[in-house]
Amino acid sequence: MGSDVGPFPHGTQARELTLMAKYGMKPLAVLQADLINGARLLGWDGEIGALKPGYYADIVAVPVSPLEDISAVERVSFVMKGGVVARAAITR
């Protein structure tokens, strides 16, 4: 997510995931499109897009499961980058 922001202001890309679900995609398919297929599209599959050993993995924590409420991706609790919490309690 974020390789092409499109019509949204930078930093608000999570809204796109909510809209994808609103217009018919299941939350799991939305996350797969964003993470797995996004990595594949950029030619980075095998390096990003999954939480696996050896991958570049930044972790974004949200307050509830995005499989239950995809809009949770718009309410980030913290971001971990390179194994270190980079920002805590992000609000928008």
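Of the contacts (heavy atoms within 4.5 Å) that the protein makes between residues at least 6 apart in sequence, 24% join residues at least 24 apart. This is a predicted model, in which local features need pLDDT of at least 70 and side-chain atom pairs count only at pLDDT 80 or more, whereas totals for chains, interfaces and linings use all residues. Residues are numbered from 1 along each chain as its sequence is written, and side-chain values use heavy atoms, with hydrogens and water left out.

View 1. Of the 92 residues in the protein, 20% are buried, where buried means under 20% relative accessible area, exposed over 50%, and partly exposed in between, with a 1.4 Å probe and protein chains only. The accessible surface, computed by the Shrake-Rupley method with a 1.4 Å probe, comes to about 6,400 Å², and 59% of this surface belongs to carbon and sulfur atoms.

**View 2. The largest nonpolar core has six residues.** Such a core is a set of buried Ala, Val, Leu, Ile, Met, Phe, Trp, Tyr and Cys residues joined through side-chain atoms within 4.5 Å, and here its members are Leu17, Ala21, Val30, Leu31, Ile70 and Val73. Helix 1 (14-22) and helix 2 (27-41) each supply at least two residues of this core. When neighbours within four places in sequence are left aside, Leu31 is in contact with Ile36, Pro66, Leu67 and Ile70. In soluble globular proteins, nonpolar side chains tend to be buried together.

**View 3. Three strands form an open sheet in the order 1-2-3, with antiparallel pairing.** Two strands pair if DSSP finds at least two bridges between them. Strand 1 (59-61) and strand 3 (84-88) stand at the edges with a single partner strand each, so one side of each is left without a neighbour in the sheet. Neighbouring strands of this sheet are turned by 20° against each other on average, direction ignored, as given by axes that are lines fitted to C-alpha atoms (for helices over the stretch in contact), with angles between N-to-C directions running from 0 to 180 degrees. Strand 1 is joined to strand 2 by three bridges, and within this pairing Val60 has Val79 of strand 2 as its bridge partner.

**View 4. Strand 2 and strand 3 form a hairpin with two residues between them.** The two strands run antiparallel and are joined by four bridges, strand 2 comprising residues 78-81. In the turn, Gly82 has a positive phi of about 60°. Strand 3 is hardly covered, since the count of buried residues among its five residues is zero.

**View 5. The count of salt bridges in the model comes to two.** A salt bridge is here a side-chain nitrogen of Lys or Arg within 4 Å of a carboxyl oxygen of Asp or Glu. The side chains of Lys81 and Asp58 meet in one of them, at 3.4 Å from N to O. Lys81 lies in strand 2 and Asp58 in the loop between helix 2 and strand 1, so the pair ties together parts that are 23 residues apart in sequence. Asp58 is partly exposed, at 47% relative accessibility. Arg75 forms a salt bridge with Asp69, and the closest N and O atoms of that pair are 3.2 Å apart; Arg75 is partly exposed with a relative accessible area of 37%, and Asp69 also counts as partly exposed, at 29% relative accessibility.

**View 6. Tyr55 lies in the loop between helix 2 and strand 1.** With a relative accessible area of 22%, Tyr55 is partly exposed. Neighbours within four places in sequence left aside, Tyr55 is in contact with Gly46, Glu47, Ile48, Gly49 and Ala50. Tyr55 and Trp44, which are 11 residues apart in sequence, are 9.9 Å apart in space, C-alpha to C-alpha.
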